[in-house]
Amino acid sequence: MENRELWERLNMDLAKHDEFLAPLPQVFTELFLNRKNRPAAMGYFDAVVGDVHGIRVHELFAMKEAGAKVFSTFCVYVPEEIVVATGSASIGLCAGAQFTVSSGEKLLPRNLCPLIKSTMGFKLDRICPYFQVSDWVIGETTCDGKKKAWEILNEYIPTYVMDLPQKKDAKDAQLWEEEVREFAAFIERETKVDLTAENLAQGIEKINNKRQALQRLASLRKHNPAPIHGLDVLVINQLAFFDDPVRFAAQVNALCDELDVRVKEGVGVAPADAPRILLTGTPQPLPNWKLHALIEQTGAVVVGEETCTGERYYKDMTEPADNVTDMLANIAKRPLKVNCACFTPNQGRIEDISYMAKNLQADAVIDCTLQFCQPYGVESYFVGRAMEGTIPYLRLETDFSAEDQGQLLTRIEALIEMIRA
């Protein structure tokens with residue numbers, strides 16, 4: 001089946017979809033393919049982006065034809081191990097494009113996070129095949145905007161919401177574990193597959209292997225000169241939410257094998273004196289590459305992301321266990337180690353940023369918040385205070401549009417000049 005036939009069967013708006021995808025080849029060529037000295041193993045990830053609405057969507061459609069389900073998510077707190085254990089798919093959703101924001105604003109306030117508006121617009125416009133192939137969306141209560149938006153989204157696609165606690169005390173951990181167990185029961189009902197010690201252990205192993213591969217990639221970025229561009233790592237991290245987890249882990253490890261050789265030979269994508277930037281803040285969902293591109297346009301290199309499309313996603317593993325009860329308990333424990341700004345207090349995030357800055361030999365920290373994202377916008381006060389006097393720090397606020405690129409670049413260039421001085 002050709003892509004267009006598949007998209008028609010998924011009831012997509014093909015004219016609007018064509019309009020959305022039209023700029024992608026040129027943008028991707030300019031930002032990625034034209035860069036010199038990229039690792040050869042990036043070829044796999046380039047191919048995935050080149051057919052981002054094709055190859056994987058065909059696989060998901062075939063899974064559904066064979067009786068499996070597709071569950072789409074927006075957040076690192078949703079336990080994908082449980083979904084994978086049943087033979088179904090857990091995937092991310094399109095959420096990082098200005099193209100769909102105006103459509104989202106037909107139902108949502110203008111002064112709302114662009115990620116939520118973009119997401120809603122993708123569904124309303126019917127241009128995201130991952131939305132169209134999904135049986136369920138799994139939402140979560142990481143912010144007020146999301147938890148209310150899920151009520152509206154549920155009118156367009158079945159939406160299951162997980163209630164995430166706002167603190168990390170014992171009673172909060174107990175609440176979250178109950179949520180995970182209820183989610184597991186929901187997945188069993190929907191897939192008609194019982195969770196067993198065998199299949200759940202396999203699900204945990206598959207997702208742990210994916211996270212371990214990403215950890216290995218992140219660790220290689222501490223070397224100087226940097227063996228890979230931050231922009232390339234960003235697209236890999238974004239694809240981690242879409243690709244088949246087993247294949248993805250194998251491809252990331254193949255890339256790391258190549259980077260190991262680069263490190264030993266002292267080969268980098270930037271000079272050894274290139275400013276090294278740690279990026280922190282809100283996630284950068286596919287296809288949002290703006291900030292990394294601007295930073296590396298100045299000659300700097302992004303060496304780490306303390307974001308949900310970065311370190312927060314893969315920094316912790318799910319511990320194995322001998323039975324389903326203990327496995328579910330361990331699955332619940334792992335996300336509570338993630339230091340999202342939805343938690344209060346959130347000192348762990350400050351500690352993560354400080355550790356990463358030191359470990360990655362960063363020369364500066366850039367803290368970026370999406371417009372109207374209240375949790376991260378407020379928490380930037382604590383991040384800035386912690387960085388003061390220890391490392392150069394820049395706070396930025398933006399959305400998915402190109403309108404502020406000149407202003408952002410000016411501020412980034414000023415930071416880079418200060419580092420080089």
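Analyst: In this predicted model, K192 has 74% relative accessibility. Exposed means over 50%, so K192 counts as exposed.

User: Where is K192 found, and what is its phi near?

Analyst: K192 sits in the loop between α11 (170–191) and α12. Its phi is near 60°, a positive value in a residue other than glycine. Most residues other than glycine have a negative phi.

User: Why is N11 called partly exposed?

Analyst: N11 has 47% relative accessibility. Buried is under 20% and exposed is over 50%, with partly exposed in between, so N11 counts as partly exposed. N11 lies in the loop between α1 (3–9) and α2 (14–21), and its phi is also positive, near 60°.

User: What makes β5 and β6 a pair of strands?

Analyst: Pairing needs at least two bridges, and β5 (residues 276–281) and β6 (residues 301–306) have five, in the parallel sense. In β6, G304 is the bridge partner of L278. The chain passes from β5 through helix α15 (residues 290–297) to β6 in a right-handed β-α-β crossover.

User: How many bridges join β5 to β7?

Analyst: Five bridges join β5 to β7 (residues 364–370), and the two run parallel. There, L279 has I366 as its bridge partner.

User: What is the omega of the cis peptide bond that joins L286 and P287?

Analyst: Omega is about 5° for that bond. P287 is in the loop between β5 and α15. Another cis peptide bond joins N224 and P225, with omega about 10°. Most peptide bonds are trans.

Definitions and conventions:
Residues numbered from 1 in each chain as written. Predicted model: local features only at pLDDT ≥ 70, side-chain atom pairs only at ≥ 80, totals over all residues. Heavy atoms only, no water. Buried < 20%, exposed > 50% of the residue type's maximum accessible area, 1.4 Å probe, protein only. Helix = DSSP H or I, 4+ residues; strand = E, 2+ residues; numbered from the N terminus. Right-handed = clockwise from strand over helix to strand, strands pointing away.
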